[in-house]
Amino acid sequence: MMFNRQNSLWMGDLDPYMDENFVKQAFSAMGESPLGVKIITHRITGGSAGYCFVELADEASVDRCVQRLNGKLVPGSNPL
């Protein structure tokens, strides 16, 4: 899947249980509809590298999500 950079945002500090479905559900809980989620994997272990890219419908959606999430806990997350 090719991501449109202008409509995508970087999301870091992902816990191992945070997969594509989790990220999609978190954005849906905020009223957004992600077009795609790409979890970046560690090239040696194959596990999550701890970050992903989320593609949204437009730049306005990206801006809303940055305002809501930047520096905050992800909806539905289970911090230790």
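Guide: Gly47 sits in the loop between strand 2 and strand 3; helices (H or I, at least four residues) and strands (E, at least two) are DSSP runs, numbered from the N terminus. The model is a predicted one, in which local features need pLDDT of at least 70, side-chain atom pairs count only at pLDDT 80 or more, and totals for chains, interfaces and linings use all residues. Residues are numbered from 1 along each chain as its sequence is written, and side-chain values use heavy atoms, with hydrogens and water left out.

Gly47 has a relative accessible area of 29%, so Gly47 counts as partly exposed. On this scale, buried means under 20% relative accessible area, exposed over 50%, and partly exposed in between (1.4 Å probe, protein chains only). Leaving aside residues up to four places away in sequence, Gly47 touches Ile40, Thr41 and His42, where contact means heavy atoms within 4.5 Å. Pro16 lies 31 residues from Gly47 along the chain, and their C-alpha atoms are separated by 8.1 Å.

Asp13 is in the loop between strand 1 and helix 1. With 74% relative accessibility, Asp13 is exposed. The phi of Asp13 is near 60°, a positive value in a residue other than glycine. Most residues other than glycine have a negative phi. Asp58 belongs to the loop between strand 3 and helix 2, and its relative accessible area of 35% makes it partly exposed. Between Asp58 and Ile40 there are 22 Å in space, C-alpha to C-alpha, and the two are 18 residues apart in sequence.

Helix 1 holds Gln25, which is exposed at a relative accessible area of 55%. Gln25 and Arg68 are 15 Å apart, C-alpha to C-alpha, and 43 residues apart in sequence.

Leu9 touches residues including Phe27, Cys52, Val54, Leu56 and Cys65, not counting residues up to four places away in sequence.

Cys52 is buried, with a relative accessible area of 0%, and Cys65 is buried at 1%. A disulfide is a pair of cysteine sulfur atoms within 2.5 Å. The cysteine sulfur closest to that of Cys52 belongs to Cys65 and is 12 Å away, so the two are too far apart for a bond. The count of disulfides is zero.

On a 1 Å grid over the protein atoms alone, a pocket is an open set of points where a 1.4 Å probe fits, with protein on both sides within 12 Å along at least five of seven lines; lining residues have an atom within 4 Å of a point. Of the 18 lining residues, Met11, Gly12, Leu69, Lys72 and Val74 are the closest to the pocket's centre. Strand 1 and helix 2 each supply at least two residues of the lining.
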